Amino acid sequence: MNVYLGLDVGGTKVAVGVVTGAGEVLSTLRQDTAACRSGGDPLREIIHLGRAALAQVDGAALEGVGIALPGPVNRDGITMRAAPTIPELQEVSLRGPLTTAFGVPAAGDNDANACALAEARFGAGRGGRLVAYITLSTGIGGGIVGEGRVLRGVTGAAGEFGHQVLLPAGGPPCDCGNTGCLEALASGRGIARRAALAFAAEPAPGGPDHGQWTAERVAERARGGDMRARDVWSETALYLGLGISNIINLFDPDIIILGGGVAVGAADLLHDPIREVVRTRCMPSLVRTVEIRIAELRGHTGVVGAACLAMEMQHL
Ligand SMILES: [Zn+2]
């Protein structure tokens with residue numbers, strides 16, 4: 001059976017899997033990134049995991065290997081330009097070692113583009129012509145997939161939806177160095193920051209020892225009827241709705257997919273309010289043809305996405 005190997009390298013875990021051309025996951029293995037790094041050669045460990053996953057599938061004919069990486073990637077050499085969570089791989093070209101180790105062509109990209117491909121091909125974007133994928137978790141990332149291929153831009157950074165500026169002045173600082181970005185306002189961290197302001201008069205949840213607001217805790221409060229928590233989510237939906245309206249006006253997609261832990265976990269609080277914002281703030285001629293959907297692939301998105309990078313390369 002023809003298969004692809006997906007290597008999903010994250011800041012906290014490494015997941016690998018054998019995936020068919022139809023997106024079916026035949027075997028997976030995972031390990032903590034810290035454990036992969038402990039021997040001093042994380043790439044060797046990742047290759048070892050990949051071989052072990054392949055060995056679990058009888059009669060696998062490997063077509064290609066794809067690797068999804070946490071951060072900006074130079075795709076020519078499959079090189080991470082910055083890798084704070086796995087510094088051993090920074091500025092190391094992975095193309096040669098992966099091609100040699102598995103005897104097939106290798107492809108690599110950042111994890112947001114990989115997940116965008118996975119959702120566009122096999123998840124909520126199936127059948128779409130132009131799919132914009134937004135991932136909402138600690139930060140906000142994204143990717144644009146047209147006719148089955150990622151739109152990458154000149155330097156590979158297209159689709160950084162989190163860094164569109166929504167507030168011209170007075171907005172919170174963003175990791176990119178700007179202020180008032182969508183990510184600073186509506187990511188998991190942005191939600192926690194606004195919740196801390198909204199609830200400034202009372203102790204943080206969980207007591208002084210682990211007293212930190214998180215998107216999850218604000219969601220629990222909102223579902224319990226707390227109006228301040230509901231306001232935090234309404235404001236989040238407003239920012240996301242504005243950001244998505246911009247994306248629709250710029251790209252005219254037929255499907256927008258909201259993925260990532262925060263978006264999926266709080267879909268009940270976000271989905272309808274976002275649609276309402278988009279309905280009123282987007283160009284009317286465009287909003288009629290676009291659907292906003294919650295991501296469908298769950299635990300294996302990164303692995304399937306990494307495998308999709310190899311499939312995408314094959315169809316160049
Ligand atoms: Zn930013």
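Domain bounds in this predicted model were taken from an automatic or database domain assignment. That assignment divides the protein chain into domain 1, covering 2-117 + 299-314, and domain 2, covering 127-294. Taken over C-alpha atoms, the centres of domain 1 and domain 2 are separated by 28 Å.

The contact between the domains involves 11 residues of domain 1 and 11 residues of domain 2. Together the two domains bury about 890 Å² between them, with 50% of this area on carbon and sulfur atoms. On the domain 1 side, N113, A116 and E312 account for 50% of the area buried against domain 2, more than any other three residues.

Two salt bridges were counted between domain 1 and domain 2, along with three residue pairs in polar contact. The side of domain 1 that touches domain 2 draws at least two residues from each of β7 (106-110), α4 (111-122) and α12 (301-314). Helix α4 supplies the largest share, five residues. By class, this side of domain 1 consists of five nonpolar, two polar and four charged residues.

In the whole structure, 14 salt bridges were found. D109 takes part in a salt bridge with R152, in which the closest N and O atoms are 2.6 Å apart. D109 also pairs with R75, where the closest N and O atoms lie 3.9 Å apart. The latter pair joins distant parts of the chain, since R75 sits in the loop between β5 (73-74) and β6 (79-80) and D109 in strand β7, 34 residues apart. D109 is buried, because its relative accessible area of 1% falls under the 20% cut-off. R75, in contrast, is partly exposed at 34%. Through shared partners, salt bridges connect R75, D109, R152 and E312 into one network.

A further salt bridge is formed by the side chains of E296 and R126, at 3.3 Å from N to O. This pair also links distant parts of the chain: E296 lies in the loop between β12 (291-294) and α12, and R126 in the loop between α4 and β8 (130-136), 170 residues apart. E296 is partly exposed, with a relative accessibility of 43%, and R126 is likewise partly exposed, at 47%.

R221 and D226 form another salt bridge, their closest N and O atoms being 3.3 Å apart. Within this pair, R221 is partly exposed at 27% relative accessibility, whereas D226 is buried, with a relative accessible area of 17%.

Definitions and conventions
Residues numbered from 1 in each chain as written. Predicted model: local features only at pLDDT ≥ 70, side-chain atom pairs only at ≥ 80, totals over all residues. Heavy atoms only, no water. Contact = heavy atoms within 4.5 Å. Buried area = accessible area lost by both parts, 1.4 Å probe. Salt bridge = Lys/Arg side-chain N within 4 Å of Asp/Glu carboxyl O. Polar contact = N/O pair within 3.5 Å; in protein donor to acceptor, adjacent residues only side chain to side chain. Helix = DSSP H or I, 4+ residues; strand = E, 2+ residues; numbered from the N terminus. Nonpolar A, V, L, I, M, F, W, Y, C, P; charged D, E, K, R; others polar. Buried < 20%, exposed > 50% of the residue type's maximum accessible area, 1.4 Å probe, protein only.
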